[in-house]
Amino acid sequence: MTEPLAPLELLSMPLGAVELPVGLQWNSQRSLAIAALKEVLAGQKALLPLGPTIGAEEEGRLLSLNRFALQLITAGVAADQFAVDKGTWMQEATAPQLLLAAQVDEENDVVVFSGVLTGSEFISLARKAKTSGENILVDTNEFKGGVERLLTLVQLLEPAALPRFALDTAVTNVQRKVVKIADWINGQLDEVFSQLYGAQLQPLSDGAFRTSVASRFENAANQNALALVSIPLGLANGKLVSGLEAEACIERFVLQMLATGSNPSNPDGLMLQLTASIDGDLLPNDLCISASQGKHNQQQIVENKNIIEFNFSGGLELINVSLGFPGSSDLVLPPLQLRG
Amino acid sequence: MSHYQELLFLSLQGIRSKVLASASGFISCSHPAYLDLEPSQNIDLELLTEAKRTDTALPLLCLRCRISHPLDAWLKATFRAHHENHGIELNAMASYALDDQGALTIRCSKESTADFTYSVINSLPKGGLARPFSAEILRSFDPALCGLPHWARLKIQSNNELKAYFKQHGLLLISDWALLRNSSPRRVQQACQAHIRSSSTIESLIALHSRFMPLYDMAKQEFKAITGKSSGWQPGLEFLDQLDPAQDPFDTKELLLAIAKAIRQLLTGSAIQSLDQSLEAGNEPVAPFSRDEDGPERAELNILINAALERALNNLMSAEMQKEATKFSKDEDRKLAFELYGQGLSQRDIAKQVNHKQAWVSKLLDEKRRSSEIAIAAAIELKRQPEFISCGTSVEAAERLVDALRNHLVDPKLEGDIPPLRQWVQQYMSQP
């Protein structure tokens, strides 16, 4: 008979924990977290201005770090959830660009920066998160990258690269925002498209193309493939999900979008293909995919199929794509712009 | 009945036990019936009452023996769980808890001693910790709240000196109350379902926990305002009454502690990433700059990248190493650790050679922070090049570039290679 494990009494100090001087009196978890952030910034060679200089310790107040609007949230060091005040996220004008999570051990004067979420990453999580009163509950393990991610983003990105999103309007705005297919060719994928839907640019080098794509996109190799974007999809308890959430599903499939054209900088065709994630698997029956461009509508409902393919060539109108499954809300992609 | 006569204490040879003749004599003469009984809460209370009523040293001495046993058990269990990874020493831990040698007198000030009686320990200054630690446990013990062995465990868990010792070794001692406050209802539910066998329903335990949280925040705030301390709070009768007026406060506290224990059991073995675990897990796989793309453009790009990294390395590491070098004369191990790092040894092997724990080496080398800072500085420079312009507008591109640079700095391309950060350190250390 194995001896039962003794309950854990001590936590190992997490990697990157900031130890503050002992003996000082801290008013709140937030005051400890701000002191720790200042200590981290002081250790940096680059000068990163942190504001406001007065009143930063006030609960709920946004911070400004190197011109980025930053929301600081705190919880205990052993916490499993953060409570994020909805109020800050109700209007675009006041919404933060970055959300920094700090786990604070007031009893030991230790602060651990769990990680950072961008505004769009937070909105994506908030869509499916539980709420408690005026708070949105986010699991501590959703925050990744520690303070290093914060330092990377605020030093490398232009502030305009991180738009502010309000909670209620974010999804609608994203769905209205046009995604330019030409950007894919330059290796750029709309940030929000990527974060909210899990869209990924796939390598299109000859080797990769031959092995992973050509077998699916028949004749594609001859059609001047320019860029490939894929969105992982899945069914979680009968609901359509995408991105990371889809990767955890048992029933997984993928929507691939191949931009084509004879001019390498100007795509004039788009091939959409829906297949199961594992080659040869069938797609879920009753899964419906619709795509339209102007008056040209295409729709298919799966019935014992392992592939659905749509083609669009030319046209200035936007391409609208949506997927549906009985009992689930539709997954509507932002409009895709082929030309211009 | 040996628990009331046998004292566990720290001697020069480690933790030892001794049967105290005066305690044995007292039990044989005054309470012979105890000799056939197991230690119990009733006996604890009878001895405490007698100690207060008669204000004599012997009943208290029996209780001092009694509490040395749960303290010893807690210390040994904690030592067993964390010695290997964190290098904590049992004797060092015991010096905070098992410092009672069984004397019948107690030092009241620098010059004076007095009989070790309840009135004397109760009159010791309240602000600091009474010594020996058993005096602190006994003078603060409130039988209405829990049993004496449990109280001893709670007191050692909130001992600030021991906490500081653990912290030095990369361990955080979290009180039951802070753990409860920082656990979501979901975690409480999971913990209770998996680990609590109680007549209370899961729903009632979750409800108790959700009432606890706001009251705890208020009580903690008040405690901080009065004492100026963030740790050491314990729920009093009033708090427990407020929490559940319909229930015996003792039972309410027991339930809360049972929930806390269940949470600890849930967390045991869960993936809380520790320094050592992370080190043992190794780094992420290398994401080299170029795999299959060769050619003149790629070569030019690599020249740019290497130049940016070299400038960032020189700029940041010179200052870092100058600061480190000031400590080399005081501690040769630090110097040796950097030399071995430059030669390409793993942190585990460096730890063996300098005779320190791996956590010490990791903290000294601070590789993650240093490599991140260098990678970011190089990325800022590279961002000005057209090839990397997207790093200013795309989160993914920015992170990909920094990750790739950091990996290049610390991960060897081929087995046996020495990566650039180590090479730089090696060059620095070989300077006269």
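A:Lys130 stands opposite A:Leu137 in β10(A). That pair belongs to a predicted model. Chain A has 8 helices and 23 strands. Chains A and B are in contact, with 54 residues taken from chain B and 46 residues from chain A.

**Chain A overall**
- Chain A counts 340 residues, and 43% of them are buried.
- Take the contacts in chain A between residues at least 6 apart in sequence: 62% of these join residues at least 24 apart.

**A three-stranded sheet in chain A**
- The strand order is β6-β10-β9 in an open sheet of 3 strands, and the pairing is antiparallel.
- β6 (81-85) and β9 (130-132) of chain A are the edge strands; each has a single partner strand, so one side of each is left without a neighbour in the sheet.
- From one strand to the next, the twist averages 40°.
- β9(A) and β10 (residues 135-139) of chain A run antiparallel and are joined by 3 bridges.
- Within this pairing, A:Lys130 faces A:Leu137 of β10(A).

**Nonpolar cores**
- The largest nonpolar core holds 160 residues; A:Val111 and B:Ile259 touch the most other members.
- Helix α3 (residues 57-86) of chain B gives the largest share of this core, 10 residues.
- Another core, of 41 residues, lies apart from it and includes A:Leu189, A:Val192, A:Phe193 and A:Leu333.
- Beyond its neighbours within four places in sequence, B:Ile259 is in contact with B:Leu180, B:Val188, B:Ala191, B:Cys192, B:Leu205 and B:His209.
- As background, nonpolar side chains tend to be buried together in soluble globular proteins.

**The contact between chains A and B**
- Chain B contributes 54 residues and chain A contributes 46 residues.
- On the side of chain B that touches chain A, the elements giving two or more residues include the helices α3, α8 (160-168), α9 (176-181) and α13 (249-267) of chain B.
- Also among them are β5 (171-173), α14 (275-281), α19 (367-382) and α20 (395-410) of chain B.
- The residues on this side of chain B split into 21 nonpolar, 21 polar and 12 charged.

**Strand pairing across the chains**
- Strand β1 (residues 10-12) of chain A is joined to β5(B) by 3 bridges, and the two run antiparallel.
- A:Leu11 stands opposite B:Leu172 in β5(B).
- β5 of chain B is also one of the elements that give two or more residues to the side touching chain A.

Conventions: Residues are numbered from 1 along each chain as its sequence is written. Chains are lettered from A and ligands numbered from 1 in the order in which they are written. This is a predicted model: local features need pLDDT of at least 70, side-chain atom pairs count only at pLDDT 80 or more; totals for chains, interfaces and linings use all residues. Two strands pair if DSSP finds at least two bridges between them. Helices (H or I, at least four residues) and strands (E, at least two) are DSSP runs, numbered from the N terminus. Axes are lines fitted to C-alpha atoms, for helices over the stretch in contact, and angles run from 0 to 180 degrees between N-to-C directions. A nonpolar core is a set of buried Ala, Val, Leu, Ile, Met, Phe, Trp, Tyr and Cys residues joined through C-beta atoms within 7 Å. A residue is buried if 20 or more other C-beta atoms lie within 10 Å of its own, exposed if 12 or fewer, and partly exposed in between; C-beta atoms are placed from the backbone. Two residues are in contact if their C-beta atoms, placed from the backbone, lie within 7 Å. Ala, Val, Leu, Ile, Met, Phe, Trp, Tyr, Cys and Pro count as nonpolar, Asp, Glu, Lys and Arg as charged, and the others, Gly among them, as polar.
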